[in-house]
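Visitor: I'd like to learn how to read a strand in its sheet. Could you walk me through one?

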Amino acid sequence: MNLVKLSVGSESVEDLIGWQAIYAKRWQDGLPRHVTRMWPKREPEILNGGSIYWVIKGLVQCRQRILRMDEVYGEDEIRRCAIVLEPDIHRTHTAPKRPFQGWRYLKPEDTPADLPEGRESEEPLPAELSQALAEIGVV
């Protein structure tokens, strides 16, 4: 089982990488995290090889493997779930995704495939073109 999440404020995968590099320094182990108020009820399934798929500019564009889920408390003393992520970000084939709040479960059969080896470093298509191609099923 996987999760899907909007990367709010990111214009590109590079933006996500940069933001995570800065934010990960806040944690003792230096691993990136996504902190959320809701704890996934399907945690055992997710921790069995699941990833978080990031939606950037209306398209699923990349994923990160989920390593574990840690309990954390904010300044407001409310319990939260810190989804601890592998630092490596894997680019995927793009897939359109409408806006939504929070995170959602994403079944393995509904996940976009990783880009083939050697294509991860290719210059990405402009977001509008990539979205148009994804909508007609080309990418």
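Visitor: How many of the 7 residues in strand E5 (residues 79–85) are buried?

Guide: A word on the model first. This is a predicted model, where local features need pLDDT of at least 70, side-chain atom pairs count only at pLDDT 80 or more, and totals for chains, interfaces and linings use all residues. Residues are numbered from 1 along each chain as its sequence is written, and side-chain values use heavy atoms, with hydrogens and water left out. Buried means under 20% relative accessible area, exposed over 50%, partly exposed in between (1.4 Å probe, protein chains only). In E5, 5 of 7 residues are buried, so the strand is mostly covered. For the protein, buried residues are 41% of the 139.

Visitor: And what counts as a strand here?

Guide: Strands (E, at least two residues) and helices (H or I, at least four) are DSSP runs, numbered from the N terminus. This protein has 7 strands and 3 helices, in the order β-α-β-α-β-β-β-β-β-α.

Visitor: What lies between E4 and E5?

Guide: 5 residues, and the two strands form a hairpin. In the turn, Glu-77 has a positive phi of about 65°.

Note on methods: Pairing = 2+ DSSP bridges.
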